[in-house]
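Subject: Handing over a structure, with notes on what was found

Dear colleague,

I am passing a structure on to you, and I would be glad if you could look through it with the notes below at hand.

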Amino acid sequence: MVPDQQDKDSAAKAHTDKDPDEEKPVTTLRANVNVVQLFFNVKDKKGGLIPNLPKDNFQVFEDGKPQTIKYFAAESNLPLTLGILIDSSASQTNVLDMEKQVGGAFLSQILTPKDVPSSWTSM
């Protein structure tokens, strides 16, 4: 879906109407850690997933510096973690019901029982 002019105008206004209170500096937490867990997928040039890639066939970089891979496990049956953003602004009122239907249809096709917490199945 291509943004219409109202969407573009709303986005531009949101960037220019800054509240002075929002300009306050943000506190940053810094910590040194020895191990970081990293989940990733590798795709070929056509977008197809490459399964069972050994750790010797790729590198991990942080700030341009290669990192040591201490532990490695190829997992293909992990639960899906997914976030969906839906524009529910006034400019989308006419299509919001359709967005909900399409989003629900997508989730019902992609999610498996291992992806959904048992507390959700009763909803």
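The notes below go from the overall fold to the aromatic rings, the pocket, the surface and the backbone.

Please keep in mind that this is a predicted model, in which local features need pLDDT of at least 70 and side-chain atom pairs count only at pLDDT 80 or more, while totals for chains, interfaces and linings use all residues. Residues are numbered from 1 along each chain as its sequence is written, and side-chain values use heavy atoms, with hydrogens and water left out.

The protein has 2 helices and 2 strands, where helices (H or I, at least four residues) and strands (E, at least two) are DSSP runs numbered from the N terminus. Along the sequence these elements follow the pattern α-β-β-α. Of the 123 residues, 6% count as buried; here buried means under 20% relative accessible area, exposed means over 50%, and partly exposed is in between, with a 1.4 Å probe and protein chains only.

Next come the aromatic rings. Rings of Phe, Tyr and Trp (its six-membered ring) pair if their centres lie within 6.5 Å, and planes under 30 degrees apart count as stacked, over 60 as edge-to-face and the rest as tilted. By this rule there are 2 aromatic pairs. In one of them, phenylalanine 40 and phenylalanine 58 have ring centres 4.9 Å apart and planes at 65 degrees, so the pair is edge-to-face. Both residues lie in the loop between helix 1 (5–16) and strand 1 (60–62), 18 residues apart. Phenylalanine 40 is partly exposed at 39% relative accessibility, whereas phenylalanine 58 is buried at 18%. Phenylalanine 58 also pairs with phenylalanine 72, with centres 5.7 Å apart and planes at 50 degrees, so this pair is tilted. Since phenylalanine 72 sits in the loop between strand 2 (65–67) and helix 2, the pair ties together parts that are 14 residues apart in sequence. Phenylalanine 72 is partly exposed, at 34%, and the ring pairs link Phe40, Phe58 and Phe72 into a cluster.

The largest pocket holds about 1700 Å³ of space. It is lined by 41 residues, of which Gln37, Leu38, Phe39, Phe40 and Ala73 are the closest to its centre. A pocket is, on a 1 Å grid over the protein atoms alone, an open set of points where a 1.4 Å probe fits, with protein on both sides within 12 Å along at least five of seven lines, and lining residues have an atom within 4 Å of a point.

Isoleucine 110 lies in helix 2 (residues 96–110) and is partly exposed, with a relative accessible area of 40%.

Finally, there is the backbone. Asparagine 52 has a positive phi of about 55 degrees although it is not a glycine; asparagine 52 lies in the loop between helix 1 and strand 1 and is exposed at 69% relative accessibility. Aspartate 63, also not a glycine, has a positive phi near 50 degrees. Aspartate 63 is placed in the loop between strand 1 and strand 2, and it counts as exposed at 74%.

With best wishes

Definitions and conventions:
Points joined across faces, edges and corners; volume = space filled by probe spheres on them.
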